[in-house]
Amino acid sequence: MTDATPVSLEYRTEVKQLLDILAHSLYTDREIFLRELISNASDALNRVQYEMLTNPDVVGADQELAIRIQVDADAKTLTLVDSGIGMNRDELVENLGTIAHSGARTFLQSAGEGQAALEEIIGQFGVGFYSVFMVADAVSVTSRSFRPEDQAWTWRSSGDSRFTLEPAAQTERGTTIMIHLKEDAAEFANGWRIEQIVKKHSDYVSFPIYLVEPEGEPRIVNRRSALWRQSPSKVEAQEYEEFYKQLTFDSEAPLLHIHMVADAPVNLRAVLFIPARRERGLFHLRPDHGLRLYSRKILIQQFNKDLLPDYYRFVDGVVDSEDLPLNVSREMVQSNPVMRQMRRALTNRLNKELKTLADEEPDRYATFWQEFGVFIKEGVVTDTANQEALVDLLRFRTSKGGDAWVSFKEVAERMQPDQQAIYYVLGEDLKSVARSPHLDYFRAHDIEVLYLVDPIDGYVTSILHEAAGKPLQNVDDAGLSLPQDDETAQDVVAQEAFGPLLARVKAVLGDRVRDVQESKQLVNSPCRLVSPSDSFDRDLQRLRRLTEEDYTTPAKVLELNRRHPLVANLARLVTSTPDDPVIDAAIEQLYDNALLLDGLHANPVDMVERIQLLMEQAVAAKAKAD
Ligand code: ADP
Ligand code: MG
């Protein structure tokens, strides 16, 4: 038996903090509290609907699945009633006494960072149930759970540090939230205002939302339509946008929507969205990624991750199939053959739509690529079945492309007549690869080179050995055979002096280099590091250096350019004044420069001392000469 006197309990500290912020908030878009409460009611309705698929023993199995909003301007109250899954006493304490909502948690963490910013971000976070205290000075939640053995309870709070619990008389399943509005929040007791807010934020909630005004009949105010079950030709672009915003809480319109209707090989209705940005708003409201999976309009899973490959995790949307058995459990969903067929159909369609976008609207595709290109690269690496389609979607900066994003196909089409391969250079960023010594030869011969500066790029090339029917070749390959030019250089150092320089460099760098050789390809650069052809992970070295703590780049071959004045003079110095300290410092620095240009330098700061020594010497020599 339960005692009828209310018990008073204290909120957890974090809730007190949140309530304190909300109660004193000057946030202007307070209306979002209604979106939060409706979204909770809709979640509760989805859950009970799902429960009823398999459980015959649910309280009030014949109740209409709906949300009712009653306004009373005289009493300054707003009441939300849902016939959802309900809560028992323990659930009330747990769900409304602590912080469940992930947005609220992140919000609190950033609360330390200044009040002004806070005001702006409340709406973006959507702080969940507690946002009701922006408009309420007292709230009661009466709930009757779906379990026959549970009883109804009422939870009350005025938004201070405590809440109370007492047994309630409600026999109908579901939750009733009664809000007593603050003086300055009376607008929310008006029917037209509530209707306006529902249309703006909750129009696509799939359960009917009735507005109940003191006079007149209750009427449904949301459109409730399962957009994805309509014919694509009947849906306006604007509707897709609104649907997307209500589905994801993103404030920006999506970059692309795809509406799929298929009856074979499986019945499939889907609307997929590609957001405009990878980071939606600053604070992503969605606690997880995945597609909403329905079976005949009943929500089976809110964040399904099996309907698309992992690299498409930035895609949002809704998928519905009449071929999914209604009593399918969430665990069973994964292994259902219908799921596999849907996954294939959805993936193919996405690949195809992206290809079309790339071909027909290159500018819009460029925006897509900038935000999501890295996911496509992940797909190339991880999904062999779709690799070919995904490779077509890859875009790169190149030595000739300027700011344009160029495909393999374009590069292949404009190759030099005798060019054998598509060449690429790996490096840290566009600026440094553009300056890479590896490009000397290619620049001199007007050969286009792809600039690969994403850490994952090396991964892609290590998996992909050809593209657009051409072999892919790293310009740092020691074994690269390229047609040679005539030896017409001016300052070539004599062999007698060059030999001792090679020996000296070997002695100074020791194990750090595999070998030191003369370069056949360098034109304007003094030296470069090339990978021995047996170096299997060379394209992965940069990625590994970033991801593995004690990864050391394996030794490479250092190539010196005999025609470069720095190298020539260094050779002369080795012959004339072998003890000069500048020699070893210069060798070390040449090596570091080469590492740096390849994005392989572990700690550039270490070079500062040596650079200073070299500068001292240079300035001193000038001063002496003058
Ligand atoms: P979130 O919805 O992100 O979990 P909220 O603060 O909005 O966070 O809600 C907290 C929890 O309270 C919900 O997860 C749910 O368990 C419970 N809850 C809130 N409103 C209802 C409702 N109308 N019916 C049933 N449970 C509810
Ligand atoms: Mg919620």
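Colleague: How far does a polar side-chain atom of Asn40 lie from an oxygen atom of ligand 1?

Modeller: This is a predicted model, in which local features need pLDDT of at least 70, side-chain atom pairs count only at pLDDT 80 or more, and totals for chains, interfaces and linings use all residues. Residues are numbered from 1 along each chain as its sequence is written, chains are lettered from A and ligands numbered from 1 in the order in which they are written, and side-chain values use heavy atoms, with hydrogens and water left out. A polar contact is a pair of N or O atoms within 3.5 Å; within protein, one must be able to donate a hydrogen and the other to accept it, and residues adjacent in sequence count only if both atoms are side-chain atoms. For Asn40 and the oxygen atom of ligand 1, the distance is 2.8 Å.

Colleague: How much of the accessible area of ligand 1 does the protein cover?

Modeller: Polar side-chain atoms of Asp82 and Thr175 each lie by a nitrogen atom of ligand 1, at 2.8 Å for Asp82 and 3.4 Å for Thr175. On its own, ligand 1 has 530 Å² of accessible area, found by the Shrake-Rupley method with a 1.4 Å probe; for residues, only the protein chains shown count as cover. Of the ligand's area, the protein covers 84%.

Colleague: Which element gives the most residues to the shell around ligand 1?

Modeller: Helices (H or I, at least four residues) and strands (E, at least two) are DSSP runs, numbered from the N terminus. A residue is near a molecule or strand if one of its heavy atoms lies within 4 Å of it, and the residues around ligand 1 include Asn40, Ala41 and Ala44. With three residues, the element that gives the most is H2.

Colleague: How many charged residues does the shell around ligand 1 have?

Modeller: Ala, Val, Leu, Ile, Met, Phe, Trp, Tyr, Cys and Pro count as nonpolar, Asp, Glu, Lys and Arg as charged, and the others, Gly among them, as polar. The shell has six nonpolar and five polar residues, and the number of charged residues is one.

Colleague: Which strands stand at the edges of the nine-strand open sheet?

Modeller: Two strands pair if DSSP finds at least two bridges between them. The order is S1-S6-S5-S4-S7-S3-S2-S8-S9, with mixed pairing. One side of each edge strand is left without a neighbour in the sheet because each has a single partner strand; these are S1 and S9.

Colleague: Which residue of S14 is the bridge partner of Leu272?

Modeller: S14 runs antiparallel to S11 (residues 268–274), with five bridges, and parallel to S12 (residues 291–295), with three. For Leu272, the bridge partner in S14 is Gly317.

Colleague: Is His601 buried or exposed?

Modeller: His601 is in the loop between helix H19 (581–597) and helix H20 (608–625). Not counting residues up to four places away in sequence, His601 touches Arg545, Asp592, Leu595, Leu596 and Met607, where contact means heavy atoms within 4.5 Å. Its relative accessibility is 11%, so His601 counts as buried.

Colleague: Which side chain does a polar contact of 3.4 Å join to that of Arg562?

Modeller: Arg562 lies in the loop between strand S22 (556–560) and helix H18 (565–576). Arg562 is buried, with a relative accessible area of 16%. The side chain joined to that of Arg562 belongs to Glu518.

Colleague: What is the form of the peptide bond from Ala264 to Pro265?

Modeller: Pro265 is in the loop between strand S10 (256–262) and S11. Omega of the bond is near 0°, and the form is cis.

Colleague: What is phi of Lys76?

Modeller: Lys76 is in the loop between strand S2 (67–72) and S3, and is partly exposed at 25% relative accessible area. The value is positive in a residue other than glycine, near 55°.

Definitions and conventions:
Buried < 20%, exposed > 50% of the residue type's maximum accessible area, 1.4 Å probe, protein only.
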